[in-house]
Amino acid sequence: MTMETAERLDQRTRAALADLLLAMADDEFVLGFWDSEWTGIAPVLEEDVAFASLAQDEIGHAQALYQLLTDVQGGDPDVVAFGRRPEEYRHARLLDHPRTDWAFSVARRFLYDTADAARLDALVASAYQPLAGVVAKMRREETYHLLHMHAWMERLANGGEEPRSRLLAALERLWPDARCVLAGVDDAPLVAAGVLAEPLAAVERRWLDGLAPVLDRLGLPHPRTAPPAGGCRGPERSDDFRWLWEQFTMVYRSDPEASW
Amino acid sequence: MGGQPLQVFEVFRREREGGPMQHAGNLLAPDPELASHYAREFYGRRQESVRLWIVPRAAIRDLDDPDLLQPPFDRSFKKPAGYSTEIKRKLAEARARAGGEPGDAGDEDPVVAAGRKGVERE
């Protein structure tokens with residue numbers, strides 16, 4: 001049964017829906033800010049423009065998701081995006097790492113985009129119609145994000161000793177936290193209500209099964225460790241994220257009442 | 001970029017269905033795949049294009065020889081405008097010979113004007 005509003009959902013399901021929307025919005029929002037840091041310093045001018053444009057797309061997705069969230073629980077999307085303390089953000093720990101080097105940013109984006117694609121697949125037929133609508137639009141943009149990131153993973157993996165060793169070091173560091181993208185949300189009531197097509201554990205299996213042939217072809221490592229038991233989506237945050245938060249909330253904090 | 005040399009790609013875009021492919025600009029990329037991604041971001045990210053052609057500049061045959069493109073003899077008879085200018089001049093002479101008021105056809109297309117005059121005479 002599909003629904004246009006969240007009014008008929010029970011309290012736990014509604015809270016889980018709000019948390020899923022906030023987690024997804026924060027993922028897109030924080031990734032967008034990290035990747036926008038490459039503006040002006042990417043390997044070539046063309047990549048600079050392209051990567052900044054992908055980062056802008058993620059901010060756009062975050063905007064749509066914050067709007068969905070405030071439709072469910074009230075409030076103002078701008079206040080949700082900029083008016084919280086660092087420990088209130090719900091993004092996955094994968095996005096607590098700084099930009100680091102180009103291979104690191106490419107590896108992080110590749111892991112995030114592929115995991116997010118698996119998550120979007122489980123939401124495109126969501127019983128919650130407003131979410132299904134936004135996800136359908138997001139998937140169209142994520143298609144070329146994925147193509148772009150596959151192209152770069154291939155070039156770094158096969159691009160000689162230095163790019164490859166940097167990529168391997170990045171994956172080593174990112175794999176455990178990448179598994180947080182599909183964790184940390186109360187998914188059972190969402191599956192029961194038809195908001196989410198399958199449990200997040202199943203989404204993660206689908207993600208890793210899809211990734212395996214790509215990693216094998218490029219001779220890259222599979223995840224070795226299990227996902228972290230807790231703390232996948234805060235409240236503990238890295239100093240790097242606190243620094244980024246200072247940056248992206250600076251203008252908002254200077255005058256929260258200002259209208260833009 | 002792994003020592004791979006960058007090549008120039010020329011990009012053409014179609015603004016709307018049925019429109020012509022027009023030169024949009026160019027970009028540098030190490031290979032056609034990344035060139036396509038960059039072309040999309042440069043000339044399509046604001047939904048300003050419905051189709052792009054991405055062409056390695058090396059694939060373009062360049063022709064700028066003046067003997068081939070700007071021959072020395074008068075070629076105005078090959079231009080539609082040149083032809084109608086010639087008709088206009090001949091019509092004006094004919095009108096003068098027939099004693100008609102000069103300029104009564106104004107800026108009217110000379111071919112249309114000639115046809116109209118023929119009809120009026122009948």
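Q: What pattern does chain B follow, read along the sequence?
A: Along the sequence, chain B follows β-β-α-β-α-α-α, and its secondary structure comes to four helices and three strands. Helices (H or I, at least four residues) and strands (E, at least two) are DSSP runs, numbered from the N terminus. This is a predicted model, in which local features need pLDDT of at least 70 and side-chain atom pairs count only at pLDDT 80 or more, while totals for chains, interfaces and linings use all residues. Residues are numbered from 1 along each chain as its sequence is written, and chains are lettered from A and ligands numbered from 1 in the order in which they are written.

Q: OK, the sheet then. What is the order of the strands?
A: The three strands of chain B form an open sheet in the order S2-S1-S3, with antiparallel pairing. Two strands pair if DSSP finds at least two bridges between them. S2 and S3 of chain B are at the edges and have a single partner strand each, so one side of each is left without a neighbour in the sheet. From one strand to the next, the twist averages 25 degrees; angles run from 0 to 180 degrees between N-to-C directions, and axes are lines fitted to C-alpha atoms, for helices over the stretch in contact.

Q: How many bridges join S1 to S2 in chain B?
A: Seven bridges join S1 (residues 7–14) to S2 (residues 22–29) of chain B, and B:Arg13 has B:Gln22 as its bridge partner in S2(B). On the S3 side, S1(B) pairs with S3 (residues 51–56) of chain B over six bridges, again in the antiparallel sense.

Q: Take B:Ala35. Is that one buried or exposed?
A: B:Ala35, which is found in H1 (residues 32–43) of chain B, counts as buried because it has 24 C-beta neighbours inside 10 Å. A residue is buried if 20 or more other C-beta atoms lie within 10 Å of its own, exposed if 12 or fewer, and partly exposed in between. Leaving aside neighbours within four places in sequence, B:Ala35 is in contact with B:Phe9, B:Leu27, B:Ala29 and B:Ile54. The C-alpha atoms of B:Ala35 and B:Pro56, 21 residues apart along the chain, are separated by 9.1 Å.

Q: How much of chain B is made up of buried residues?
A: Buried residues make up 13% of the 122 residues in chain B.

Q: Switching topic: which residues have the most contacts inside the largest nonpolar core?
A: They are A:Leu17, A:Leu21 and A:Leu65, in a core that has 70 residues. H1(A) gives the most to this core, with 13 residues. A nonpolar core is a set of buried Ala, Val, Leu, Ile, Met, Phe, Trp, Tyr and Cys residues joined through C-beta atoms within 7 Å. Leaving aside neighbours within four places in sequence, A:Leu21 is in contact with A:Leu65, A:Leu68, A:Leu69 and A:Val72. A second, separate core of 15 residues includes B:Ala24, B:Leu27, B:Leu34 and B:Tyr38.

Q: And where the chains meet, how many residues does the contact take from each?
A: The contact takes 14 residues from chain B and 13 residues from chain A. On the side of chain B that touches chain A, the largest share, seven residues, comes from H1(B). By class, that side of chain B has eight nonpolar, two polar and four charged residues. Here Ala, Val, Leu, Ile, Met, Phe, Trp, Tyr, Cys and Pro count as nonpolar, Asp, Glu, Lys and Arg as charged, and the others, Gly among them, as polar.

Q: At what angle do H5(A) and H1(B) cross?
A: Their axes cross at roughly 145 degrees and come within 10 Å. The contact is made by A:Tyr144, A:His148 and A:Ala151 of H5(A) together with B:Glu33, B:Leu34, B:His37 and B:Arg40 of H1(B).

Methods:
Contact = placed C-beta atoms within 7 Å.
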